[in-house]
Amino acid sequence: MSCSPFDLKGYCFKELGESERRLTEVHVRTCARCREELDRLRGVEAALLALPDEEIPQRIGFVSDPVFQPSALRRGWEALWGSAARLGFASAAMLSAALVVYSITRPVPQANAPAPAIVRAALEKDFARRLNDAVANAVAKAVTESEARQARQTQALLAASDRRHALETQAMMVRVQEYLDVEKKHLDTLRVMASNEYGGANGEAR
Amino acid sequence: MIFRAVEDADLIRKARRGDVEAYNLLISRWERRVYNYLLRIVGNREDALDLSQDVFLKAYQNLRKLDDPARFAPWLYRIAHNEAYSLFRKRRPEGETEELQPETLEGAATVGGNAVFPVELTLAVSTALRKLTSDQRETVVLKIYQGFKFEEIAEIVAAPVSTVKSRLYTALELLKNELAPVKARGVS
């Protein structure tokens with residue numbers, strides 16, 4: 001037994017702090033009972049240490065075998081989970097990356113903006129209306145242009161046809177006139193010949 | 001003082017990179033201590049050797065989980081403690097809750113037909129240690145034979161420091177009484 005509050009066992013096995021160790025040391029010098037107790041404890045320690053360590057009967061050693069070695073992926077994974085610092089760094093890096101991506105991709109906030117769902121619906125409706133108007137305008141314009149182009153082509157064709165018809169008519173009139181001129185000449189020639197023949201007959205008859 | 005050209009921490013760093021030779025050197029520094037710790041807990045050379053091999057294999061496979069290489073010793077002994085108690089659980093019959101005792105501690109003097117601890121004192125110490133509970137005995141082994149501090153022992157056996165102190169102090173009282181007659185005969 002030792003005098004309370006001195007921890008002789010802690011003192012014997014060097015588990016006391018510096019100040020507590022000095023106080024105990026001073027006390028042991030003056031207390032015969034504690035000195036005897038300390039001697040008994042040291043005797044027990046000495047007796048225990050008389051039991052010697054044994055040599056290991058067979059040395060332990062490993063050969064460089066891939067079977068015993070974790071894969072590079074596993075080493076990296078275990079290194080990550082086995083180290084609080086590395087895991088913390090990786091978590092911080094992932095969080096930072098997520099914040100950067102969010103800041104890049106998020107829509108620009110508007111003052112007094114309605115709820116996102118309503119804004120989205122209104123935007124979609126406005127976009128559909130504008131798209132329909134644009135399509136209708138484009139179709140109408142294309143139809144108008146097509147009709148005008150067809151009208152111009154029709155007029156051109158009609159004009160060409162008229163010109164060709166006029167030319168043909170004119171050519172035909174020229175040919176008819178030529179024919180009439182020939183026939184007139186022929187008729188005049190016959191008339192002259194008939195006149196000559198008739199005059200000659202009268203003279204003979206007289 | 002032992003001068004070591006290469007510290008354990010350097011060997012651990014090399015072993016982590018797959019340097020088996022560095023790990024073998026680390027084993028050579030610790031195998032005797034781990035073997036004797038296990039021998040005093042399980043009381044059987046064969047089991048102590050098997051467990052020692054398992055301990056160093058598990059330590060190698062989990063070396064990357066060791067955050068601080070300076071804490072290698074308590075970490076290694078924690079593995080050894082788990083292996084020893086795992087063996088105890090395997091060998092304990094179903095439903096038995098009695099305190100586990102080293103299997104052949106008394107026979108340690110004759111294991112393999114050779115005298116291991118021939119003198120009377122070592123027999124007396126062996127007998128006295130056998131009368132402790134397994135928790136008390138392990139605490140004595142870690143403190144007296146392995147020289148760990150209370151905080152380190154608490155880490156190894158996963159118990160509060162106060163529990164460790166209580167186990168050791170109780171064990172010392174028992175050992176003091178057991179070994180007193182031997183001392184009185186002047187064996188020590």
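**Exercise 1. The surface of each chain**

Task: What is the accessible surface of chain B, and what share of it belongs to carbon and sulfur atoms?

Solution: Keep in mind that this is a predicted model.
- Step 1. Chain B has an accessible surface of about 9000 Å².
- Step 2. Carbon and sulfur atoms account for 50% of that surface.

**Exercise 2. Elements and burial**

Task: How many helices and strands does chain B have, and what percentage of its residues is buried?

Solution: Let us walk along chain B and then turn to chain A.
- Step 1. Chain B contains 8 helices and 0 strands, so its elements read α-α-α-α-α-α-α-α from the N terminus.
- Step 2. Of the 188 residues in chain B, 52% are buried.
- Step 3. Chain A contains 6 helices and 0 strands, giving the pattern α-α-α-α-α-α along the sequence.
- Step 4. Of the 206 residues in chain A, 16% are buried.
- Step 5. Contacts can be sorted by sequence separation too. In chain B, 63% of the contacts between residues at least 6 apart join residues at least 24 apart. For chain A, residues 24 or more positions apart account for 49% of the contacts with a separation of 6 or more.

**Exercise 3. One alanine in its surroundings**

Task: Is Ala48(B) buried or exposed, and which residues does Ala48(B) touch?

Solution: Start by finding the residue in the chain.
- Step 1. Ala48(B) sits in helix H3 of chain B, which spans residues 45-61.
- Step 2. The cut-off for a buried residue is under 20% relative accessible area. Ala48(B) has 0% relative accessibility, so this residue counts as buried.
- Step 3. Leaving aside residues up to four places away in sequence, Ala48(B) touches Tyr35(B), Leu38(B), Leu39(B) and Val42(B).
- Step 4. Val34(B) is 14 residues from Ala48(B) in sequence, and their C-alpha atoms are 8.7 Å apart.

**Exercise 4. Where the two chains meet**

Task: How many residues of each chain are in contact, and which three residues supply 19% of the area that chain A buries against chain B?

Solution: Begin with the whole interface, then zoom in on one residue.
- Step 1. The contact involves 39 residues of chain A and 47 residues of chain B.
- Step 2. About 4100 Å² is buried between the chains, with 62% of this area coming from carbon and sulfur atoms.
- Step 3. The three residues are Leu51(A), Glu54(A) and Phe62(A), which supply more than any other three.
- Step 4. Phe62(A) belongs to the loop between helix H3 (32-49) and helix H4 (72-82) of chain A. Its relative accessible area is 15%, so Phe62(A) is buried.

How values were computed: Residues are numbered from 1 along each chain as its sequence is written. Chains are lettered from A and ligands numbered from 1 in the order in which they are written. This is a predicted model: local features need pLDDT of at least 70, side-chain atom pairs count only at pLDDT 80 or more; totals for chains, interfaces and linings use all residues. Side-chain values use heavy atoms; hydrogens and water are left out. Helices (H or I, at least four residues) and strands (E, at least two) are DSSP runs, numbered from the N terminus. Buried means under 20% relative accessible area, exposed over 50%, partly exposed in between (1.4 Å probe, protein chains only). Contact means heavy atoms within 4.5 Å. Accessible areas come from the Shrake-Rupley method with a 1.4 Å probe; for residues, only the protein chains shown count as cover. Buried area is the accessible area (1.4 Å probe) that two parts lose on being put together, summed over both.
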